[in-house]
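Subject: Structure handover

Hi there,

Here is the structure I promised to pass on to you. Please open it alongside this message, and I will walk you through what turned up.

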Amino acid sequence: NPATEFVNIQTGGRIATSIKLYDLVGRLIKEITPQASLSVMNISDLPKDIYQVHINFPGETVVRRLVVR
């Protein structure tokens, strides 16, 4: 962090049910369905800004900040 083209999301051996990217207003910008504990999200089409990444597991959501430059 910061990122420009791609962001690697590692989930420590667990496979998330979904990974969602939101802007700071709360709009859903991107969503991926991971197939492994390492996922790659293409962010090259996003404007420079700060976003929230919601990593969803059964019964738990982990939220991280992402800066796109």
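V53 counts as buried, because its relative accessibility is 7%, under the 20% cut-off for that class. Please keep in mind that this is a predicted model. V53 belongs to strand β5. Setting aside neighbours within four places in sequence, V53 is in contact with I9, I19, K20 and L21, and also with V62, V63, R64 and L66. Its C-alpha atom is separated by 13 Å from that of N42, a residue 11 places away along the chain.

V53 also takes us to the largest pocket, as V53 is one of the residues lining it. The volume of this pocket is about 200 Å³. Which strands each supply at least two residues of its lining? They are β1 (6-10), β5 (49-57) and β6 (60-68). Among the lining residues are V7, N8, I9 and Q10, together with I55, V62, R64, R65 and L66. N1 and A3 belong to the lining too. Sorted by class, the lining comprises seven nonpolar, three polar and two charged residues.

R64, another of the lining residues, sits in strand β6. Is R64 buried or exposed? R64 counts as exposed, because its relative accessibility is 51% and the class begins over 50%. Beyond its neighbours within four places in sequence, R64 touches Y51, Q52 and V53. R64 and T17 are 47 residues apart in sequence, and their C-alpha atoms are 16 Å apart in space.

V68 is also in strand β6, but V68 counts as buried, with a relative accessibility of 3%. Leaving out neighbours within four places in sequence, the contacts of V68 are A3, I43, L46, P47, K48, D49 and Y51. Between the C-alpha atoms of V68 and I50 there are 6.2 Å, while the two residues are 18 apart along the chain.

Next comes S39, which lies in strand β4 (residues 38-42). S39 is buried, with a relative accessible area of 6%. Which residues does S39 touch, not counting those up to four places away in sequence? They are V7, N8, I9, I19, I32 and P34. V7, N8 and I9 are also found in the lining of the largest pocket.

T4 is placed in the segment before β1. T4 counts as partly exposed, because its relative accessibility of 49% falls between the 20% and 50% limits. Apart from neighbours within four places in sequence, T4 is in contact with I43, S44 and R69. I43 is in contact with V68 as well. T4 and P34 are 30 residues apart in sequence and 21 Å apart in space, C-alpha to C-alpha.

Finally, a word on the rings. How many aromatic pairs does the structure hold? The count is zero.

Happy viewing, and do write back with any thoughts.

Best wishes

Definitions and conventions:
Residues numbered from 1 in each chain as written. Predicted model: local features only at pLDDT ≥ 70, side-chain atom pairs only at ≥ 80, totals over all residues. Heavy atoms only, no water. Helix = DSSP H or I, 4+ residues; strand = E, 2+ residues; numbered from the N terminus. Buried < 20%, exposed > 50% of the residue type's maximum accessible area, 1.4 Å probe, protein only. Contact = heavy atoms within 4.5 Å. 1 Å grid on protein atoms, 1.4 Å probe; cavity = no way out; pocket = protein on both sides within 12 Å on 5 of 7 lines; lining within 4 Å. Points joined across faces, edges and corners; volume = space filled by probe spheres on them. Nonpolar A, V, L, I, M, F, W, Y, C, P; charged D, E, K, R; others polar. Phe/Tyr/Trp six-rings, centres within 6.5 Å; stacked < 30°, edge-to-face > 60°.
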